[in-house]
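Dear colleague,

Please find the structure below, handed over for your records. My notes on it follow directly.

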Amino acid sequence: MQLRFNQLPGQLSRGLAPVYLLCGDEPYQLGEAARLIREQARRKGFDEREILDADGNFDWNLLAASADAMSLFSARKLIELRIGGGKLGKDGGAAVRAYCARPCPDNLLLILAPGLERKDLQTQWAKTVESIGVLVQVWPMKEKELEPWLGQRLQAAGFQAGPGVAALLTERAEGNLLAAVQEIEKLRLLHEPGPLTLDDLLGNLADSARFDLFALTDAALAGDRARVQRVLSVLRGEGTADALVLWVLARELRMLAEIAGAIARRTSPEPVFAAHRVPRPRQEVIARALRRLSPALLHRLLRECLKADLTIKGLAPGDPWQRLGVIADALSAGSVQVPVGIA
């Protein structure tokens, strides 16, 4: 069966599956899911834990050998198979399928594959695991999911969060669940359980926001100018290369210009979406954004990208980040407002 992270505790309370596969690129949820499985396994008598690190030179016969070996210290054993690169290959897939064909009730197999891609879940070995065990995918939470989740964590820590508390934690630790949990643990050290107000938080929180490059274009398409500037500020503060930021903006602008051109010609934009592999939900976001983004504006912003490129390479005067800020702001606002001195 396939479960979300928040469904795992309920499944574990009903009984352990013979095999668990954990994958996804959200480290806190991945680690927390593994911890929950290990703790439930110990409660059920799986007192021995054997770790197999499957690197590029891993001997897959070791998985069968571990499953067949009698434990010296315990009647039941947890076998933890760690797939570093996310790829099992032909031999690995065959070894996992062979294990699933005859799972032993005295063994529990936990497969950790953080780098597993969605397409890998369609392979025969992953389907076999899902048919007899549990597959848990963990992905970064969206903003609308993060605030209620943090509210629940605060309540579990003994706090009665006042208005705006979970929202402020969400803003300060956006996209970084581990940082958010660490902030709650710090609050437990600084405050007694009970009511928790905004005044208790202000001054105690670190700005742990973690943005990726594509959060910038998402905010711009949403028309959120304040968020655009905050993302840029964080990217710059983290030492992100200005050339990478320019690449993301130019890439988005070229795609938008192609779609806008197709619409202006009264042809279907579907081939452009397909060429750029744009998922259906994002197509709707782009369609809304193009109502305020004219083809002329998009082409002008592409010319601004050329100026930014020359500035980054030292071939034109100015601050590259200031130019990037103008481009991103115009993309979110639907108009260009060039500060004095960088025209």
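The buried residues of helix α8 are L177, A179, A180, V181, E183, I184 and L187; buried means under 20% relative accessible area, exposed over 50% and partly exposed in between (1.4 Å probe, protein chains only). Helices are DSSP runs of H or I with at least four residues, numbered from the N terminus. Helix α8 covers residues 177–190, and its end C-alpha atoms lie 20 Å apart, which agrees with the 20 Å that its 14 residues should span at 1.5 Å a residue (the expected span is 1.5 Å times one less than the number of residues).

This is a predicted model: local features need pLDDT of at least 70 and side-chain atom pairs count only at pLDDT 80 or more, while totals for chains, interfaces and linings use all residues. Residues are numbered from 1 along each chain as its sequence is written, and side-chain values use heavy atoms, with hydrogens and water left out.

Two exposed residues may interest you. L306, in helix α15 (residues 295–312), counts as exposed because its relative accessibility is 53%. R266 is found in the loop between α12 (242–264) and α13 (270–275). Although R266 is not a glycine, it has a positive phi of about 60 degrees; with a relative accessible area of 79%, R266 is exposed.

Yours sincerely
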